[in-house]
Amino acid sequence: MALATDKIVFLHVPKTGGIWIKNALNSLGLNPIEIGTQHDSFPELFNSEPREFFENKLVFTFIRHPVFWYQSRWAFRIKHGWQSRHPLDFNCASNDFLLFVDKALSYKPDGWCSWLFERYISKDTGLVDKIGRTENLVGDFIDIMREAGHDVDEQQVRDFSFVNSSDMDGFGSKYWAKYSEELLDRVMVVEDSIISRYYHDFPIDPKTLCGSRNY
Amino acid sequence: MRILLCQRVGGAFGYITDGILNALKDRGHMVQRWGGDEQSWFQFNPDLYIGCSGHKQDIPKDSSTKIAIHVNPYGPVNMNGINESRENIDWVTSKNPDVVFGYGFDSDRIIWSYWEQKNNIKWVPMPTAGDKVMFRNLNIERDLDVVYLGGRWEYKGLTIDPYLLPVLRDDRITFKLHGWGDWPNNICSGVLEENHVNKFFNRGKICPCMSERHTHQYGIDIPERAWKVALCGTLAIHDPVPTLRDKFKSLVISQNPENFKDLCIYYSRPSNKDERDKLAKEQQEEVLANHTYHNRLSVLFDSLDLKDDAEFMLA
């Protein structure tokens, strides 16, 4: 669901740190209300609240670099199980990361991430004011909250613990999900729509992302 | 080769080792079930022993025999009730096997990865398969829409109840179900003797292929049913195991209970016979090419450096 206070609305793109944001909003005592179902975006949210409700608040969401998003999404499903009702799972499920990504890129040749994120950040409704990056989750969140007029204590926010729901045996998705260089290149090409607009300044180091699998 | 197999036990492992035994005999290997008596082991003098962590046998110390043991998952994915117990891990390790194997494909390796990473024992992907010695198309009249053979109890009911029962309760479907366990009234026609199973599968136009909840979630432990019925020329329609899509390309796989029922009804209709027959033929050919116990044992032998035997399994 989207989360709203008197000043902000947060749209939760899957696997972009939304659970941390929900916990942060609660820990800050802002008592956000829930709107719609977990990953609703516009126009579905208009079924729950009128357009004016959103126009009077700072609407924000977070996106994630596609190379990291695929890692996180795969590790989450490996840990918690595939969901055949979800089209990405039904068409691309594999317990091998390279196969999963390969199938995802073939299934959605113009980029699953680009398509998914676009549903949330589209300028069609003119309602999304800010887009944060999961790679700078805490900093971007603080900036957005302050811009919205919430007076948050930076140190308090930085002390909130992270919820790494894709971790297995103490290792995160970047450990379990290793790319081949060829596949990494394909992700960069297929997901160019998002990467060129929001991550053109973001360095990707193949040395940390590629390698033999740790299993 | 001279091969000893774990004693015949009940449940899935019993049927699976029947398939293994038939494939080995089909390729001229001397195979016996082993009851656990040390003297009979040395009298038989096996080249290979195939055992199971869930049915422990007191394997004698015999450096001339290669050891392969079926094991459950042991890796970073915590599947409560499915992963191997600490006791079994220790028992398997103490037997110093040449390899262990599990009901997963190579792409499922992460789920068994700690056998190699933590215990230094090679893991071999050996999913269930079809027994082509036992199951084949008899080209008899398919007088039933649906055939099903299997057990039902609480855990299996988690998937059988929402998927299979609505199909069987549809007035448009004729069916016969054999099995054991706790089936609702008037559905199960009782246990079927093993020598009648092939003919029974051949009576059906389609077979709904049910798996357990952890198979839906993690894609491992695929039941034998889909491979078997495909060998019989009966169309296999599987419940949602999306990881099967690239392993068994002609398999009909549903997305949810409603879709499963729709597919079962659609493919059982006389008007769709041509489409059904074409798909069933493709399934049979795909299983014969890639998913028989001959295929699986070839992989096992290869992993044991028995290259010639591996090749001969597929000859």
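This is a predicted model: local features need pLDDT of at least 70, side-chain atom pairs count only at pLDDT 80 or more; totals for chains, interfaces and linings use all residues.
Reader: What makes B:Thr159 a buried residue?

Author: A residue is called buried if 20 or more other C-beta atoms lie within 10 Å of its own. B:Thr159 has 21 such atoms within 10 Å, and therefore it is buried. Its place is in helix H6 of chain B.

Reader: Which residues does B:Thr159 touch, leaving out those up to four places away in sequence?

Author: B:Thr159 touches B:Met210, B:Ser211, B:Glu212, B:Arg213, B:His216 and B:Asp239.

Reader: Why is A:Thr134 called buried?

Author: The cut-off is 20 or more other C-beta atoms within 10 Å. A:Thr134 has 20, so A:Thr134 is buried. A:Thr134 is placed in the loop between strand E5 (130–133) and helix H7 (137–148) of chain A. Apart from neighbours within four places in sequence, A:Thr134 is in contact with A:Thr16, A:Gly17, A:Phe62, A:Ile63 and A:Arg64. From A:Thr134 to A:Glu118, 16 residues apart in sequence, the C-alpha to C-alpha distance is 16 Å.

Reader: How do you know whether B:Asn139 is buried or exposed?

Author: B:Asn139 has 8, and so B:Asn139 is exposed. This residue is in the loop between strand E6 (122–125) and E7 of chain B. B:Asn139 also has a positive phi of about 55°, although it is not a glycine.

Reader: What is the span of helix H10 of chain B, and what is expected?

Author: Helix H10 (residues 257–268) of chain B has 12 residues. From its first C-alpha to its last it reaches 17 Å, which is close to the 16 Å expected at 1.5 Å a residue.

Reader: Which residues of H10(B) are buried, and why are they said to line one face?

Author: The buried residues of H10(B) are B:Phe260, B:Lys261, B:Leu263, B:Cys264, B:Tyr267 and B:Ser268. Seen down the axis of H10(B), they fall within an arc of 160°, so they line one face of the helix. An α-helix has 3.6 residues a turn, so residues three or four places apart point the same way. The cover over the buried residues of H10(B) includes strand E7 (144–152), helix H6 (154–168) and helix H11 (273–290) of chain B.

Reader: Why are the buried residues of H5(A) said to line one face?

Author: In helix H5 (residues 97–107) of chain A, the residues A:Phe97, A:Phe100, A:Val101, A:Ala104 and A:Leu105 are buried. Viewed down the axis of H5(A), they fall within an arc of 125°, and so they line one face of the helix. They pack against H3, H4, helix H6 (112–121) and helix H10 (181–190) of chain A.

Reader: Which residues touch the most other members of the largest nonpolar core?

Author: This core has 141 residues, and B:Ile20, B:Val146, B:Ala236, B:Ile237 and B:Val252 touch the most other members. The largest share, 7 residues, comes from H3(A). The core draws at least three residues from each of domain 1 (2–129 + 292–313) and domain 2 (144–290) of chain B. B:Ala236 has contacts that include B:Cys207, B:Leu251 and B:Val252.

Reader: How many residues are in contact between domain 1 and domain 2 of chain B?

Author: 15 residues of domain 1 of chain B are in contact with 13 residues of domain 2 of chain B. On the domain 1 side there are 10 nonpolar, 4 polar and 1 charged residues. The centres of domain 1 and domain 2 of chain B, taken over C-alpha atoms, are separated by 27 Å.

Reader: How many residues of chain A are in contact with chain B?

Author: 16 residues of chain A are in contact with 19 residues of chain B. Helix H3 (66–80) and helix H4 (87–92) of chain A each supply at least two residues of the side of chain A that touches chain B. By class, that side has 7 nonpolar, 4 polar and 5 charged residues.

Conventions
Residues are numbered from 1 along each chain as its sequence is written. Chains are lettered from A and ligands numbered from 1 in the order in which they are written. Helices (H or I, at least four residues) and strands (E, at least two) are DSSP runs, numbered from the N terminus. The expected span of a helix is 1.5 Å times one less than its number of residues. A residue is buried if 20 or more other C-beta atoms lie within 10 Å of its own, exposed if 12 or fewer, and partly exposed in between; C-beta atoms are placed from the backbone. The arc is that of the directions from the helix axis to the C-beta atoms. Two residues are in contact if their C-beta atoms, placed from the backbone, lie within 7 Å. Ala, Val, Leu, Ile, Met, Phe, Trp, Tyr, Cys and Pro count as nonpolar, Asp, Glu, Lys and Arg as charged, and the others, Gly among them, as polar. A nonpolar core is a set of buried Ala, Val, Leu, Ile, Met, Phe, Trp, Tyr and Cys residues joined through C-beta atoms within 7 Å. Domain bounds come from an automatic or database domain assignment.
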